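Biologist: I would like to learn how to read a model like this one. Please take me through it feature by feature.

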Amino acid sequence: MTLAINKNKIMLLDGGMGTMLQKHGVGPGTVPEVLSIEQPELITAIHREYVEAGADIIYTNTFGVNKFKMEGTGYTAGQAADAAVKAAKAACGENTLVAIDLGPTGKLLEPMGTLSFEDAYSCFAEVAAQGEKSGADLAVIETMTDLYEVKAAVLAVKEKTSLPVIVSMTFGEDGRTFTGCGIEEMTALLEGLHADAIGINCSLGPDEIFPLAEKLCAETVLPVFIKPNAGLPDPQTGEYAINAEEFSAAMEKYIDLGVSMIGGCCGTSPEYTKNMKAMLAGKSPVKRTAPEPKTIVCSATRSVTFDRTVIIGERMNPTGKPRLKEAILNGDYGYVMKLAVLQAEQGADILDVNAGIPGIDEAKVLPELIRKIQSVTDVPLQIDSGNPEAIEAALRIYNGKAIVNSVNGTEKSLAAILPIVRHYGAAAVALTLDDSGIPPTAEGRFTVAEKIVERAGKAGIKPCDLIADCLTLTVSAEQKAAGETLRAVRLVKEKLGLRTVLGVSNISFGLPNRPLVNRTFLTMALANGLDSAIMDPGDEGMKGAVLAYELLAAKDKNAEDYIKAYQDTAAEEKKESSAGSSAADDTGTFEGVFGSLKRGLGAETEANVNALLETNDEITVINEYLVPALDRIGKAFEAGTLYLPQMMQAAVAAQAGFEVIKKRLAGSGKERVSKGDIVVATVKGDIHDIGKNIVRTIMENYGYNVIDMGRDVDPAVIVEAVRERNVKLVGLSALMTTTLGSMKETIDAVKATDPECRVMVGGAVLTEEYAHEIGADYYCADAMRSVEAANQVFGA
Amino acid sequence: MIIELPAEIDRDAWLGRLGARDYEGLGDRLAKAEAELLRASGPRGTFTFSDIYEMPGTAIKKHLAGCRKMILMGVTLGPGVDAAIRSAAAVDMAYSLFLDSGASILIEQAADIFTAKLRDELPADMPYMTGRYSPGYGDLPLEMQDGLAARIDAQRRIGLTISETHLMIPRKSITAIIGVSDRPVKGYLAVCSECTLRDKCELRKTGRTCG
């Protein structure tokens with residue numbers, strides 16, 4: 001159902017509930033939502049005042065109704081929602097709509113907080129479904145700061161009810177919410193999810209919100225609504241600064257912006273509604289000019305518009321990358337997270353994520369990868385899979401508007417992928433091949449693109465949300481193919497108005513000096529209208545080609561980006577060459593390794609390892625150089641001549657050395673070096689993970705395969721990992737006295753599963769004595785103690 | 001309201017937190033971490049005046065002795081700092097440790113700046129205030145966090161939430177209770193003997209105190 005927004009009338013939303021409750025003597029410490037059940041006549045009376053003042057839509061008294069906030073009140077969220085809708089309906093005549101109000105859960109979602117997306121979803125679903133059942137006309141999601149929570153709430157309303165849904169978020173004057181979400185991200189997500197209206201409420205007064213509303217109106221095609229506070233509150237008295245007349249006068253200028261609905265938030269009362277009603281008399285809505293359609297994707301805090309060349313990082317694709325493949329198969333998501341952060345640092349605008357390894361449960365692994373990656377970077381993601389189940393699972397928990405890579409012209413793909421893309425409001429790569437394969441000519445590929453646009457349109461997907469991939473074929477196999485690809489890019493761009501993408505480096509397979517061919521092809525493609533390239537963002541030559549192209553095509557205004565990227569090049573080169581000449585000459589010796597670790601220099605450690613590998617095998621380098629050098633650092637730490645920061649820097653430098661070896665082993669198909677699998681986690685209820693992370697880093701350096709389960713980990717999840725991989729040592733961390741109970745519970749669960757499995761524990765509030773009391777086998781006062789414990793367990 | 005951060009993170013406190021005694025090999029990394037923390041922070045604070053209500057434990061009663069009102073306050077560096085620490089942990093755990101420890105010092109500094117400003121807000125008839133006292137400290141249970149955050153409307157005002165185990169998210173945040181009086185008051189710092197951590201405290205094991 002869509003909301004029947006009256007095109008001839010600006011609709012009036014109600015005002016503050018909290019303010020009115022205070023006026024009726026409800027003090028702090030009372031849960032206002034309980035009043036819908038215990039004093040429904042009071043709630044109805046307040047609603048009635050708004051209705052009589054002229055409100056067209058009233059919000060139910062359910063802002064804080066969810067299972068968390070209702071805990072301890074003696075009522076369920078369902079009861080409170082039911083009573084609230086009934087109390088609202090009792091105040092309304094036929095012409096006033098009742099909106100079931102969904103406020104934030106009060107808990108922060110992962111990765112910021114501990115609430116899972118699914119739990120947030122079920123919170124909202126419960127209240128929205130009850131709201132509809134009890135007779136609400138629409139749903140309003142309001143005062144949101146986290147885009148992820150918005151997504152959970154909108155999906156809950158859309159999937160569990162047939163109510164129209166309007167959504168407003170709350171911003172600071174900098175145009176960002178507390179969690180860093182901006183107007184662009186909110187708009188990209190909500191247009192994709194087909195919200196009925198989009199708005200801003202709370203936090204600020206009408207004057208402060210105005211510039212944000214201007215931006216929102218220019219950005220979105222959706223109807224806009226605004227519900228400001230009555231100015232800012234006085235901290236001593238709690239009184240708001242703007243009275244009803246001033247408020248109404250300030251709201252008048254919103255009419256010219258073309259907003260569809262206005263109302264008030266904190267500090268406003270029926271008097272404010274009455275004044276706005278008078279102000280609106282004789283006014284009709286101003287028609288807004290629709291913004292130009294644009295191709296935009298986003299995470300919760302960062303958006304990317306395809307109006308400049310977009311670099312899509314390709315390195316999280318295991319095809320042809322043995323080290324990445326091994327990492328994904330071993331559940332070593334830390335390696336993938338590192339690739340994500342590195343590519344972001346190298347300047348990738350979007351990251352492609354692919355878990356396509358034969359035999360893998362992609363529908364389980366792909367969303368898990370997305371979760372991990374979005375916990376360490378806010379670069380928007382491209383979900384790369386052909387498996388509809390995996391795509392749906394990944395899109396669902398993706399925090400923002402993603403790109404699906406890809407849909408193609410085959411009947412099977414169109415039927416399976418397009419509805420998912422539409423449902424989750426994603427963009428999609430349109431691959432120009434169909435049931436008869438890749439059309440050899442540009443015209444053939446154009447025809448496929450045209451078909452995908454048409455079918456997507458029927459499915460409710462706009463052309464601006466399709467990015468055509470005209471397919472790069474290997475030029476050494478078919479020399480004329482490059483020309484066809486380039487022509488196809490130009491055709492779909494000019495005739496269909498689509499944005500375009502290419503996986504560039506396919507072009508040079510089998511040729512010497514591939515980088516040269518890659519960047520030349522990239523430049524040619526850009527000149528033919530290519531908008532984005534799936535490539536290695538660490539490839540300076542290709543990045544340079546993009547910068548130079550943007551400069552020459554006059555897209556890089558005043559050559560700012562180009563100059564910024566290269567003005568220091570000359571100085572850097574000079575510096576590097578002088579640094580090179582003074583490099584220590586003990587490279588490739590034990591002292592060289594030890595020195596580079598002690599100084600915490602990763603690149604130098606890599607150089608040492610590479611030099612050693614020329615004359616030693618991998619195991620020798622580990623056992624006779626890296627580990628003894630680390631031991632020496634560890635002893636210095638224990639002796640107090642070297643401190644934790646230096647030890648950690650050494651550990652990180654050593655990781656770089658180990659990485660060289662792991663890559664070589666994975667590439668040569670030799671067995672990986674692991675002394676044993678260890679599960680580490682911060683226990684349920686605790687979110688301190690720095691100590692656990694330190695232990696992980698040190699243990700990895702000592703050759704253990706550490707499976708890091710994260711923080712706030714349920715005992716059942718740990719038990720599952722122990723069982724699945726037959727793990728013989730679990731490391732648990734807890735930093736609060738309040739979470740020691742949870743630690744004991746986890747130990748009991750692990751021991752019940754496998755009495756042979758040993759548990760080591762650490763954390764500031766633990767003592768040796770207490771550790772044993774709760775059943776732990778080892779108490780580890782610091783990271784080196786955990787290495788000793790592991791060496792005992794695994795007999796190393 | 002937005003808190004103006006100091007230009008620098010207190011280096012001595014930072015080194016102490018890291019358990020290091022000198023800057024050897026750390027200077028540049030700390031400077032980089034400091035710049036990133038100042039950039040990633042969205043420091044905000046809020047407070048409200050409240051009547052004194054019943055709270056468990058003896059320490060808070062001593063802290064508020066002679067006070068007529070209290071200020072409930074909350075400050076946070078915001079989720080950007082948590083994100084920076086998380087992101088760094090994926091590539092460089094040492095750097096993540098620098099960010100984490102630096103942020104712990106920075107939030108203390110931000111809380112001090114915010115608290116100092118509160119003096120200007122005191123009513124004319126109650127111009128004196130105590131220092132800060134936080135839930136979880138001494139014998140004031142951590143559970144008190146929930147009610148305190150609700151009373152200052154922490155999520156709506158500054159984006160601060162409390163987990164089900166009463167921990168603050170964003171991580172680098174401080175809530176506190178300050179007594180307000182018509183005569184000079186000193187407040188009270190819990191002594192080890194009444195602290196719930198008395199048997200487990202790392203500092204106490206080494207003969208130091210947190211006060």
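Modeller: The axes of α26(A) and helix α30 (residues 783-794) of chain A come within 9 Å and cross at roughly 50°. That angle makes α26(A) oblique to α30(A). This is a predicted model: local features need pLDDT of at least 70, side-chain atom pairs count only at pLDDT 80 or more, and totals for chains, interfaces and linings use all residues. Residues are numbered from 1 along each chain as its sequence is written, while chains are lettered from A and ligands numbered from 1 in the order in which they are written.

Biologist: What do the words "axes", "helix" and "oblique" stand for here?

Modeller: Axes are lines fitted to C-alpha atoms, for helices over the stretch in contact, and angles run from 0 to 180 degrees between N-to-C directions. Helices (H or I, at least four residues) and strands (E, at least two) are DSSP runs, numbered from the N terminus. Under 35 degrees is roughly parallel, over 145 roughly antiparallel, 65 to 115 roughly perpendicular, and the rest oblique.

Biologist: Is the crossing of α26(A) and α30(A) left-handed or right-handed?

Modeller: A crossing is left-handed if the near helix is turned anticlockwise from the far one by less than a right angle, and right-handed if clockwise. α26(A) passes α30(A) in a right-handed crossing.

Biologist: Which residues of α26(A) and α30(A) meet?

Modeller: Contact means that the C-beta atoms, placed from the backbone, lie within 7 Å. From α26(A) come Ile694(A), Val695(A), Ile698(A) and Met699(A); they meet Ala783(A), Ser786(A), Val787(A) and Ala790(A) in α30(A). By class, this contact has seven nonpolar, one polar and no charged residues. Ala, Val, Leu, Ile, Met, Phe, Trp, Tyr, Cys and Pro count as nonpolar, Asp, Glu, Lys and Arg as charged, and the others, Gly among them, as polar.

Biologist: How do the axes of α16 and α17 of chain A cross?

Modeller: Helix α16 (residues 442-459) and helix α17 (residues 481-496) of chain A have axes that come within 8 Å and cross at roughly 40°. α16(A) and α17(A) are therefore oblique to each other. Their crossing is right-handed. Residues in the contact include Phe446(A) and Ala449(A) of α16(A), and Ala488(A) and Leu491(A) of α17(A). The classes are eight nonpolar, no polar and five charged.

**Sheets**

Biologist: Now the sheets. What is the order of the five strands in the open sheet of chain A?

Modeller: Two strands pair if DSSP finds at least two bridges between them. The five-strand open sheet has the order β21-β20-β22-β23-β24 (chain A), with parallel pairing. β21 (705-708) and β24 (778-779) of chain A stand at the edges with a single partner strand each, so one side of each is left without a neighbour in the sheet. Strand β20 (residues 677-682) of chain A pairs with β21(A) in the parallel sense over four bridges. Asp677(A) stands opposite Asn705(A) in β21(A). α26(A) packs on this sheet, touching β20, β21, β22 (729-733) and β23 (758-762) of chain A, and its direction makes about 165° with that of β20(A).

Biologist: Which strands are at the edges of the eight-strand sheet?

Modeller: That open sheet runs β1-β8-β7-β6-β5-β4-β3-β2 (chain A), with parallel pairing. Its edge strands are β1 (11-12) and β2 (57-59) of chain A, each pairing on one side only. Within it, four bridges join the parallel strands β6 (residues 197-201) and β7 (residues 224-227) of chain A.

**Backbone details**

Biologist: Which peptide bonds are cis?

Modeller: One is the bond from Asn405(A) to Ser406(A), with omega near 20°. Ser406(A) is in strand β15 (residues 403-408) of chain A. Another runs from Ile169(B) to Pro170(B), with omega near 0°. Pro170(B) lies in the loop between β5 (168-169) and β6 (173-181) of chain B.

Biologist: What is phi of Thr143(A)?

Modeller: It is near 55°, a positive value in a residue other than glycine. Thr143(A) lies in strand β4 (residues 138-144) of chain A.

**The two chains**

Biologist: How many residues of chain A are in contact with chain B?

Modeller: There, 49 residues of chain A contact 45 residues of chain B. α25(A) gives the most to the chain A side, with seven residues. That side divides into 24 nonpolar, 21 polar and four charged residues.

Notes. Contact = placed C-beta atoms within 7 Å.
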